[in-house]
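Here is a short report on one protein model. Look at the sequence and the fold together as you read.

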Amino acid sequence: MGALAVAGAVAASAPSLASANEPLPVPSGFLSGIVLEATNPGGSAPGTNDFSCAPSAAHPDPVVLVHGTAANRQTNWGVLAPVLANDGYCVFALTFGNRTDQPWPISVAGGLAPLGDSAGQLSDFVDDVLSATGASKVDLIGHSQGTTVSAYYVKFLGGDAKVSKIVSIAPLWDGSVVGRLGGRAAGRRRGTGFRQRHLRHRTARRGRLLR
């Protein structure tokens, strides 16, 4: 579920950005993001989090990357972030659900908070992106747990008015058994409750989530 992570705090940084003459290098492996975090603790993946980026007519919606369990804004997106930036998108990524009161690298392992809390952090981040770029909506790309956090935000926190598209990589539409580690029966009840709510909304609004 999510990338292996040594990394990811929610701290601002100034990443390298693609230009028309000098595209960003694209690593060949998914785990390349771990190298980025190890060499730039708490940073952002190249091509992301330039809050001066102005969306183009070709790509009017900024892209927000939503990581998986125990990953962060850098470890999860070492490959996809520069690919999107090189294609002309304004790309942003956050770390959610991490323990900022802990020392690195524990402090940068995200996706460890309750779902509603993580979705609330995503909501705040999307608002920051929209305010900075002047765009009216964003596109979300979620990986693993990030797909569930994105869905929760859109369905229950008003994100449907601010999101144009959701792209899900390795989605968890049927929930997860991880909660059962703390109590099998309780975990099943939590998973089933969200699954039922999700399926009801998915059926009613399927065409609005992915198009």
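## A charged pair at the surface

Asp-101 is exposed, with 53% relative accessible area. Here buried means under 20% relative accessible area, exposed means over 50%, and partly exposed lies in between (1.4 Å probe, protein chains only). Asp-101 pairs with Arg-99 in a salt bridge, and their closest N and O atoms are 2.8 Å apart. A salt bridge needs a side-chain nitrogen of Lys or Arg within 4 Å of a carboxyl oxygen of Asp or Glu. Arg-99 is partly exposed, at 44% relative accessible area.

This is a predicted model: local features need pLDDT of at least 70, side-chain atom pairs count only at pLDDT 80 or more, and totals for chains, interfaces and linings use all residues. Residues are numbered from 1 along each chain as its sequence is written, and side-chain values use heavy atoms, with hydrogens and water left out.

## A second salt bridge

How many salt bridges does the structure hold? There are two. Side chains of opposite charge can pair when their charged atoms come close. Besides the pair above, Lys-162 meets Asp-127 at 2.7 Å, N to O. Lys-162 sits in the loop between helix H4 (145–156) and strand S4 (163–169), while Asp-127 belongs to helix H3 (residues 115–133), so the pair ties together parts 35 residues apart in sequence. Lys-162 is partly exposed, at 26% relative accessibility. Asp-127 is also partly exposed, with 30% relative accessible area.

## The overall layout

The protein chain has five helices and four strands. Helices (H or I, at least four residues) and strands (E, at least two) are DSSP runs, numbered from the N terminus. Their order from the N terminus is α-β-α-β-α-β-α-β-α.

The chain has 211 residues, and 43% of them count as buried. Take the contacts (heavy atoms within 4.5 Å) with a separation of 6 or more: residues 24 or more positions apart account for 80% of them.

H3 has 19 residues and spans 27 Å from its first C-alpha to its last, close to the 27 Å expected at 1.5 Å a residue. The expected span is 1.5 Å times one less than the number of residues. Among the buried residues of H3 are Leu-122, Phe-125, Val-126 and Val-129. The buried residues of H3 pack against S1, strand S2 (91–93), S3 and H4. Just after H3 comes Gly-134, with a positive phi of about 75 degrees.

The largest nonpolar core has 21 residues; Val-64, Leu-122 and Tyr-153 are among those with the most contacts inside it. Such a core is a set of buried Ala, Val, Leu, Ile, Met, Phe, Trp, Tyr and Cys residues joined through side-chain atoms within 4.5 Å. Strand S1 (63–66), H3, strand S3 (138–143), H4 and S4 each give two or more residues to this core. H3 gives the most, with six. Leaving aside neighbours within four places in sequence, Leu-122 touches residues including Val-64, Leu-140 and Tyr-153. A second, separate core has eleven residues, including Val-63 and Ala-81.

## Helix H4, largely enclosed

Why is H4 described as largely enclosed by the rest of the structure? Because eleven of its twelve residues are buried. Tyr-152, Tyr-153 and Val-154 are among them. H4 reaches 16 Å from its first C-alpha to its last, close to the 16 Å expected. Gly-158 follows H4, and its phi is positive, near 85 degrees.
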